[in-house]
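Hi,

Here is the structure I said I would pass on.

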Amino acid sequence: MKKLITLLVLLGITTAFGAQSQSRNNRICLRLGQQLVVPKPSLNPLEREGLYSKWKFIGFPADKEKRTKEILLKIKEKCPTHYLLACRGIREFHWVSNPNSPSWAYWPDKRVGLSMREYSWGGQSGGSLYALAMLHEIQHCCPKGNEGEDGASWAAFYYGKKIGTPPFLLNWTRGLSLSMGYNQSKWDKQLRIAKALNQKYIREGKYE
Ligand SMILES: [Zn+2]
């Protein structure tokens, strides 16, 4: 408001000078006026640069955290529905340093653990199986969808295809899901629910 008064005063003073100086000052005021318009922050994490700002990364060595964030950015680009699910379903990513312990998810607490076991699988550093595990654990944090082992394995198959996971890993996780009685029509239904929930959260500003 103070700025606005200053502007009005400035405009008033301008009238006192000649026409030439008035047009020059009007241009200045126009520029000042433009600066007064503060853009509203976007409630949609997909429209922001970088990663969702509320996530915490706990216990990660620097290189592992960097790789994990790279994969999350890839998920943001290639699997926006799943990325938004991660934004609303996860608060903390924990590093599991024990190579004998698997990755895990605990949705009531919005926590996910990502393990060295998957990270270094096949002699890789944060390769295909690690990305697949991330897709899998994200689905576990969707309590209104198919958050069980069957749904999580199918999610890894569905989204894994979009991020270029090798076919043998896709077949493996799809096979796991099928063996637990999951199928395409269950997934289609789950996907509709996930998309509707994402939109509801954006509308209600819950990603803030
Ligand atoms: Zn699981």
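**Helix pairs and a sheet**

The axes of helix H4 (residues 80-89) and helix H9 (residues 184-203) come within 10 Å and cross at roughly 60°. Axes here are lines fitted to C-alpha atoms, for helices over the stretch in contact, and angles run from 0 to 180 degrees between N-to-C directions. H4 and H9 are therefore oblique to each other; angles under 35 degrees count as roughly parallel, over 145 as roughly antiparallel, 65 to 115 as roughly perpendicular and the rest as oblique. The crossing of H4 past H9 is left-handed (the near helix is turned anticlockwise from the far one by less than a right angle; clockwise would be right-handed).

Who touches whom? On the H4 side there are Thr81, Leu84, Leu85 and Arg88, and they meet Ala194, Lys195, Asn198 and Tyr201 in H9. Contact means that the C-beta atoms of two residues, placed from the backbone, lie within 7 Å. Sorted by class, the H4 and H9 contact has four nonpolar, two polar and two charged residues. For those classes, Ala, Val, Leu, Ile, Met, Phe, Trp, Tyr, Cys and Pro count as nonpolar, Asp, Glu, Lys and Arg as charged, and the others, Gly among them, as polar.

Before I go on, two things about the model. It is a predicted one, where local features need pLDDT of at least 70, side-chain atom pairs count only at pLDDT 80 or more, and totals for chains, interfaces and linings use all residues. Residues are numbered from 1 along each chain as its sequence is written. As for the element names, helices (H or I, at least four residues) and strands (E, at least two) are DSSP runs, numbered from the N terminus.

Helix H7 (residues 149-162) and H8 have axes that come within 8 Å and cross at roughly 155°. H7 and H8 are therefore roughly antiparallel to each other, and H7 passes H8 in a left-handed crossing. From H7, the contact uses Asp150, Ser153, Trp154, Ala156, Phe157, Gly160 and Lys161; from H8, it uses Leu169, Leu170, Thr173, Arg174, Leu176 and Ser177. That contact of H7 with H8 divides into six nonpolar, four polar and three charged residues.

H7 also meets helix H6 (residues 128-140): their axes come within 8 Å and cross at roughly 130°. That makes H6 oblique to H7, and the crossing of H6 and H7 is right-handed. Leu132, Leu135, His136, Gln139 and His140 of H6 make the contact with Gly151, Ala152, Ser153, Ala155, Ala156, Tyr159 and Gly160 of H7. By class, the H6 and H7 contact has six nonpolar, six polar and no charged residues.

How does the length of H8 check out? Helix H8 (residues 167-179) has 13 residues, and at 1.5 Å a residue they should span 18 Å; the end C-alpha atoms are 18 Å apart, which agrees. The expected span is 1.5 Å times one less than the number of residues in the helix. After H8 comes Gly181, with a positive phi near 90°.

**The sheet**

Four strands form an open sheet, in the order S1-S2-S4-S3, with mixed pairing. Its edge strands are strand S1 (56-58) and strand S3 (104-106), each of which pairs on one side only. From one strand to the next, the twist averages 15°. Two strands pair if DSSP finds at least two bridges between them.

Going across in that order, S1 and S2 run parallel and are joined by three bridges; Ile58 has His94 in S2 as its bridge partner. His94 in turn stands opposite Gly113 in S4. Strand S2 (residues 92-96) and strand S4 (residues 111-115) pair in the parallel sense over five bridges. Glu92 faces Arg111 in S4, and the bridge partner of Trp95 in S4 is Leu114.

S3 and S4 run antiparallel, joined by three bridges. Which residue of S4 does Tyr106 stand opposite? That is Arg111. The hairpin of S3 and S4 has four residues between the strands, and Lys110 there takes a positive phi near 55°.

Cheers
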